Amino acid sequence: MRPVMLEITAFGPFRGTEKIDFSKLGRGGIYLISGDTGAGKTTIFDALTYALYGAPSGDDRTGKSLRSDYSDPDEQTAVTFTFEVRDKIYSVKRWLEYEVEKKRGEGTTTKKGGAELTLPDGSIIDRGREVTAEISRIIGVDRGRFKQLAMIAQGEFR
């Protein structure tokens with residue numbers, strides 16, 4: 001699997017939309033994500049893993065905790081990841097379930113989460129578990145193995 005583009009909205013510490021264009025890094029296949037503590041490295045791994053498998057990279061975080069504290073109430077927390085496998089392009093988008101204040105009356109209402117996987121032929125799989133299963137099949141690894149292969153453990157030696 002070769003990453004092509006990662007787009008995150010209202011995710012982790014990022015309020016708006018941020019994009020990482022991996023295609024600018026060439027086709028070498030090995031990428032190093034480095035930076036100071038707090039620079040956002042783990043957020044990138046969380047976004048990649050969440051897009052692919054519906055869960056963050058670390059077991060000490062939950063999907064709901066990935067919503068940015070700085071996001072506007074109407075801003076949907078979402079991750080879109082485009083990747084290439086065997087010269088075929090796939091795109092997966094997942095968005096988080098979250099609570100938002102009701103526009104009328106008191107209390108909150110739940111904005112539902114979801115997932116979509118766009119296959120190279122343009123067809124779309126739009127059920128979360130099916131998306132995860134298909135991605136595991138396409139890439140050839142599940143979330144646990146992906147974490148072992150794609151990154152050095154981030155803070156999980158505690």
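Visitor: Why is Ala10 called buried?

Guide: In this predicted model, Ala10 has a relative accessible area of 0%. Buried means under 20%, so Ala10 counts as buried. Ala10 lies in the loop between β1 and β2.

Visitor: What makes the phi of Ala10 worth a remark?

Guide: Its value is near 55°, which is positive, and Ala10 is a residue other than glycine. Most residues other than glycine have a negative phi.

Visitor: Which value puts Asp87 among the exposed or the buried residues?

Guide: The relative accessible area of Asp87 is 66%. Exposed means over 50%, so Asp87 is exposed. Asp87 also has a positive phi, near 65°, and sits in the loop between β3 and β4.

Visitor: Why is Gly122 called partly exposed?

Guide: Gly122 has a relative accessibility of 44%. The class covers values between 20% and 50%, so Gly122 belongs to it. Gly122 is in the loop between β7 and β8 (124–125). From Gly122 to Ser91 there are 31 residues in sequence, and the C-alpha atoms are 9.9 Å apart.

Visitor: How many aromatic pairs are there?

Guide: The count is four, with ring centres within 6.5 Å as the criterion.

Visitor: What makes Phe81 and Phe83 a stacked pair?

Guide: Their ring centres are 5.5 Å apart and their planes meet at 25°. Centres must lie within 6.5 Å and planes under 30 degrees apart, so the pair is stacked.

Visitor: How do you know that Phe83 and Tyr90 are stacked?

Guide: For Phe83 and Tyr90 the centre-to-centre distance is 5.5 Å, with 15° between the planes. That angle falls under 30 degrees, so the pair is stacked. Phe81, Phe83 and Tyr90 form one aromatic cluster.

Visitor: What is Phe83 in contact with, leaving aside neighbours within four places in sequence?

Guide: The contacts of Phe83 include Met1, Pro3, Val4, Leu52, Ile89, Tyr90, Val92, Ile138 and Ile139. Arg2 and Lys88 are also among them.

Visitor: Which residues have the most contacts inside the largest nonpolar core?

Guide: They are Leu6, Phe83 and Leu117, in a core of 29 residues. Two or more residues come from each of β1 (2–9), α1 (41–53), β3 (78–85), β4 (88–95), β7 (114–118) and α2 (128–139). The largest share, seven residues, is from α1. In soluble globular proteins, nonpolar side chains tend to be buried together.

Visitor: How do you know that the charged end of Arg67 is placed over the ring of Tyr98?

Guide: The charged end of Arg67 is 3.7 Å from the centre of the Tyr98 ring. The distance limit is 6 Å, and the position must also be within 35 degrees of the ring normal. Arg67 is listed as sitting over the Tyr98 ring.

Visitor: How much space lies in the second largest pocket?

Guide: The second largest pocket holds about 240 Å³. Of its 16 lining residues, Ile20, Ile33, Gly40, Lys41 and Ile44 are the closest to the centre. At least two lining residues are supplied by each of β1, β2 (17–21) and α1. α1 gives the most to this lining, with three residues.

Technical notes
Residues are numbered from 1 along each chain as its sequence is written. This is a predicted model: local features need pLDDT of at least 70, side-chain atom pairs count only at pLDDT 80 or more; totals for chains, interfaces and linings use all residues. Side-chain values use heavy atoms; hydrogens and water are left out. Rings of Phe, Tyr and Trp (its six-membered ring) pair if their centres lie within 6.5 Å; planes under 30 degrees apart count as stacked, over 60 as edge-to-face and the rest as tilted. A nonpolar core is a set of buried Ala, Val, Leu, Ile, Met, Phe, Trp, Tyr and Cys residues joined through side-chain atoms within 4.5 Å. Buried means under 20% relative accessible area, exposed over 50%, partly exposed in between (1.4 Å probe, protein chains only). Helices (H or I, at least four residues) and strands (E, at least two) are DSSP runs, numbered from the N terminus. Contact means heavy atoms within 4.5 Å. On a 1 Å grid over the protein atoms alone, a cavity is a set of points where a 1.4 Å probe fits but cannot get out, and a pocket is an open set with protein on both sides within 12 Å along at least five of seven lines; lining residues have an atom within 4 Å of a point. Grid points are joined across faces, edges and corners, and a volume is the space filled by probe spheres set on the points.
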